[in-house]
Amino acid sequence: HLFKQGLNPFPLVRYSERPDIIAAQILKGHIAIIVDTSSSVIILPTTIFEHTKHIEEYRQVSIVGSFIRIIRYFAILTSLFLVPIWMLTLNNENFISDIFVKINNPSNIPILVQILLVEFTIEVLRIATIHTPNQLSSAMGLIATLILGQMAVEIGWFASEVLLFCSISAIGGFATPSYELSLANKIVKIFFILMVGLFSGSGFIIAVYLFVMLLGSIKMFDVPY
């Protein structure tokens, strides 16, 4: 362990198997650690912005690369804040918006429990897909869509709006280039959901404050995260 990770879920180093990325990071002054018998190279020190970069941004012209990066930032922020903000709008009767729709057919299960169950199911499907052969991956997606999605709504376990917003949030997580960062963001999102579900708007403010303070307190070799 190069750093004391503790309870911090965010990755303190960056991994890559691409020689072009490694060469670019070395030219920028970063350190690359090559471990024998491993195809992954450890890059340090790193920042949270380094985990959001992708090689396609450097292959395009400047304006296209910047456009792709802006979309990726939007997707990452969506994966973190979309579901908690939507939960806040459900508790505000005066909030009127065409985007954050209300629940038309609420289930007997509390919204907080529904969201946590859907997030847990999406994570289980992601883990199952990793261990599923490529020939069966499409069948796995079909089962998830028809059985776990449509049937759950028809039975009355979940509201369709819960599945919609959780799915959009999951897509934003899949758009995160760094696998380690996407897992950390998943934990942070669950924390946001719990704080909003238990303490409403005050819980969301406290959660965001703690999130920003955590990111601001992380340093490697005196390099701010």
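Which residues do ring pairs link into a cluster? The cluster consists of Phe10, Phe81, Phe191, Phe192, Phe204 and Phe211.

## Basis of the model

This is a predicted model, in which local features need pLDDT of at least 70 and side-chain atom pairs count only at pLDDT 80 or more, while totals for chains, interfaces and linings use all residues. Residues are numbered from 1 along each chain as its sequence is written, and side-chain values use heavy atoms, with hydrogens and water left out.

## Aromatic pairs

Rings of Phe, Tyr and Trp (its six-membered ring) are taken as a pair if their centres lie within 6.5 Å; planes under 30 degrees apart are called stacked, those over 60 edge-to-face, and the rest tilted. By this rule the count comes to 7 aromatic pairs. One of them joins Phe81 and Phe192, a stacked pair with 5.4 Å centre to centre and 25° between the planes. Phe81 lies in helix H3 (residues 62-90) and Phe192 in helix H7, so this pair ties together parts that are 111 residues apart in sequence. Helices here are DSSP runs (H or I, at least four residues), as are strands (E, at least two), and both are numbered from the N terminus.

Phe192 also forms an aromatic pair with Phe204; this one is edge-to-face, at 6.2 Å centre to centre and 65° between the planes. Burial is judged by relative accessible area: under 20% is buried, over 50% exposed, and in between partly exposed (1.4 Å probe, protein chains only). Phe81 is buried, with a value of 17%, and Phe192 is buried at 0%. Phe204 is buried as well.

## Surface of helix H7

Phe191, a member of the ring cluster, also belongs to a nonpolar surface patch with Ile206, Tyr209, Leu210 and Met213. Together these residues have about 490 Å² of accessible area, computed by the Shrake-Rupley method with a 1.4 Å probe, where for residues only the protein chains shown count as cover. Patches are made of residues with over 30% relative accessible area and no salt bridge; nonpolar side chains (Val, Leu, Ile, Met, Phe, Trp, Tyr) are joined within 5 Å, and like charges within 9 Å. A salt bridge is a side-chain nitrogen of Lys or Arg within 4 Å of a carboxyl oxygen of Asp or Glu. Ile206 lies in helix H7 and is partly exposed, at 44% relative accessibility.

## Backbone features

Helix H7 (residues 179-217) also contains Ser200. Phi of Ser200 is near 60°, a positive value in a residue other than glycine. Ser200 is partly exposed, with a relative accessible area of 30%.

A cis peptide bond joins Leu44 and Pro45, with omega about -10°. Pro45 is found in the loop between strand S3 (41-44) and helix H2 (56-59).

## Contacts between separated residues

Contact means heavy atoms within 4.5 Å. Asp20, in helix H1 (residues 19-27), is partly exposed at 31% relative accessible area. Leaving aside neighbours within four places in sequence, Asp20 is in contact with Ile55 and Arg59. The C-alpha atoms of Asp20 and Ile55 are 8.5 Å apart, although the two residues are 35 residues apart in sequence.

Ser39 is placed in the loop between strand S2 (31-34) and S3, and is exposed at 52% relative accessibility. Not counting residues up to four places away in sequence, Ser39 touches Ser16 and Glu17. Ser39 and Ser16 are 23 residues apart along the chain, and 8.3 Å separates their C-alpha atoms.
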